Amino acid sequence: MAEALVSLAVLLAGLAFLLALWRFLAGPTAADRVVAFDVMTVIGISFIVILALLEGRGIYLDAALVYALLSFLGVIAVARYLERGY
Amino acid sequence: MVDISLIAMATGFVLILIGLYGALTNGNLLRMIVAFTVADAGVNLVLVSVGYMRGRTAPILDSAVPAAEAVARIIDPVPQALVLTAIVIGLGVTALMLAYAYRLYEAKGTLDIAKFSELKW
Amino acid sequence: MAGLLDIVGGLLMVGGTAFLVFGGLGLVRMPDLFNRIHAGTKATTLGTLLTLAGAACLRPDWGWKLLLIAVFILSTNPLSAQVLARAAHRIGAAMSVKTRVDRLEEDQGA
Amino acid sequence: MILTAMTLFLCAAMIGAALFAVLGRSLPIAILAAGLVSLVASILFLVMAAPDVAMTEAAIGSGLTTFLFFFVLGRVRRGEND
C-alpha cells in the first residue's frame, strides 16, 4: 500500500517538474524563468527525499540538505543582476 | 528492459556533442564558456554511469550496509572519486576562463571573438 | 500500528506532491510575474514540507535529518522569493490588468 | 521500473535544457539553463547511487557556477548585446 502511494508521489512530482519546465522554456521574461528555476529546485528536493525512501538509504538525504542550504544562492545572484546590474 | 547506466551514458555523450557544437558555433566568449560547462556535465555523467551496477547501492558504509556484506552490495567507488575531482577542477577551469574573458573585455571592450585579430594570419 | 503509520505517511506524500503539482499549475496558468511567484513559492514550500512529513512517518529514524531540511527550506525559500519579487518590482515588471493595489509603490511614493 | 522511467524523464529534460542553453537567444537565460542542466545531472547522479558526487554537483554546479557567471556578466553588461 505504502509502496503504491510512493510510486504515485513520484509520478506527481514528475508532472510538477514538467509544468515548471514548460514555464522555464516558454516564460516571456527572464524573471519568469528564475521563478521556474526556483520551483524546480524545490521539486528536486522532493525528488531526492522520495529517492532516498525508494532506495532505503538515509545518506541520500544529505544531498537534499545541501540543496536546501544553497538553492537560494543562484536566485539571489540573478536578482542582484536584474536589480542593479552587478 | 534497458539498463539505467546505458541511458545515462547516451545522454552524457549527447550533452558532450551539444556542448562542443555550442562552443564551436557561438561568437560570444561567455556563450562559449556556458557551452563548455554543459560539456563538462556530460563528461561527468558518462564517468559516473561507467561505475554503476544494477541492483547495488552507494559505497558508503552505515547501518543499512554493514561492512561484512559490503563487497556484494556496493558499487565501484573509484569512478565516483574521479568525478568528484573532475567537478572541482571544472569549477577552477570555468573560473579561469571567466577571468580571462573579463580581462579580454577590459582590454578590447568587446566579447566577440571575431574582433580579436592579433593572432590571426 | 506500524501499518497505520505507513498509510498515513504515504497519504501525506501524495498530498505533498499534489501541492507541488498545484504550484506548477499556478506557475503555468497565472497571468503575471507576481502571481507566479506567489503560486510557485507558497504551494511548493507547503508541498515539500508535507513530503518531508510523510517521509518522517515512513522512516521515523530519519526524523532529525528531515527536520533539519525542513528548517532550512523554511528559512531560505521565502528569502529568495522576496528578493526576486523586490527586484522584479524595481525593474518595473508588467502587472496584470486586474491588479488594483500596489502597496510597495504607495510606500515608496509617500 | 520506476527508476528507469525517472531516468528517461530526467534525461529528456536534461537534453532539452542543454539545447536551450546552447541555442537560446539571451545570455542570462542561457546561464540559467546551464544551471538547470547541472541540477538535473545532480538528481541523475543520485539515481546512479553516487550521493557524494550529487552533493558536490549541487553545491558547485548549481550554486557557485551560476553565481560566478552572473558576477562576470554584471561587470561586462554594457558591452554585451546579444
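**Chain A against chain C**

I looked up the area buried between chain A and chain C: it is about 4000 Å², and carbon and sulfur atoms give 81% of it. Buried area here is the accessible area (1.4 Å probe) that two parts lose on being put together, summed over both. The model is predicted, so I note that local features need pLDDT of at least 70 and side-chain atom pairs count only at pLDDT 80 or more, while totals for chains, interfaces and linings use all residues. Residues are numbered from 1 along each chain as its sequence is written, chains are lettered from A and ligands numbered from 1 in the order in which they are written, and side-chain values use heavy atoms, with hydrogens and water left out.

I then asked how many residues the contact takes from chain A and from chain C. Chain A gives 45 residues and chain C gives 42 residues; contact means heavy atoms within 4.5 Å.

Next came the charges. I found two salt bridges between chain A and chain C, each a side-chain nitrogen of Lys or Arg within 4 Å of a carboxyl oxygen of Asp or Glu. In one of them, Lys65(C) pairs with Asp62(A), and the closest N and O atoms are 3.0 Å apart. Six residue pairs between chain A and chain C are in polar contact, both residues at pLDDT 80 or more. A polar contact is a pair of N or O atoms within 3.5 Å; within protein, one must be able to donate a hydrogen and the other to accept it, and residues adjacent in sequence count only if both atoms are side-chain atoms.

On the chain A side, helix H1 (2–26), H2 and helix H3 (61–84) each supply at least two residues that touch chain C. Helices (H or I, at least four residues) are DSSP runs, numbered from the N terminus. H2(A) gives the largest share, 15 residues. I sorted this side by class: 36 nonpolar, three polar and six charged. Ala, Val, Leu, Ile, Met, Phe, Trp, Tyr, Cys and Pro count as nonpolar, Asp, Glu, Lys and Arg as charged, and the others, Gly among them, as polar.

**Chain D against chain B**

I repeated the look-up here. The contact takes 44 residues from chain D and 44 residues from chain B. The buried area is about 3800 Å², with 81% from carbon and sulfur atoms. Which residues of chain D lose the most area to chain B? They are Val22(D), Met48(D) and Phe69(D), together 18% of what that side buries.

I counted zero salt bridges between chain D and chain B. Four residue pairs are in polar contact, both residues at pLDDT 80 or more. H3(D) gives the largest share of the chain D side, 13 residues. That side has 31 nonpolar, seven polar and six charged residues.

**Helix pairs**

I checked H2 (residues 30–55) of chain A against H2 (residues 27–47) of chain D: the angle is about 5° and the axes are 11 Å apart. H2(A) is therefore roughly parallel to H2(D). Angles run from 0 to 180 degrees between N-to-C directions, and axes are lines fitted to C-alpha atoms, for helices over the stretch in contact. Under 35 degrees counts as roughly parallel, over 145 as roughly antiparallel. Phe37(A) and Met40(A) are among the residues that meet H2(D), and Leu36(D) and Leu39(D) are among those that meet H2(A).

Within chain C, the axes of H2 (residues 33–58) and H3 (residues 63–90) come within 10 Å and cross at roughly 175°. H2(C) is therefore roughly antiparallel to H3(C). Their contact has 16 nonpolar, five polar and no charged residues.

Notes: Angles under 35 degrees count as roughly parallel, over 145 as roughly antiparallel, 65 to 115 as roughly perpendicular and the rest as oblique.
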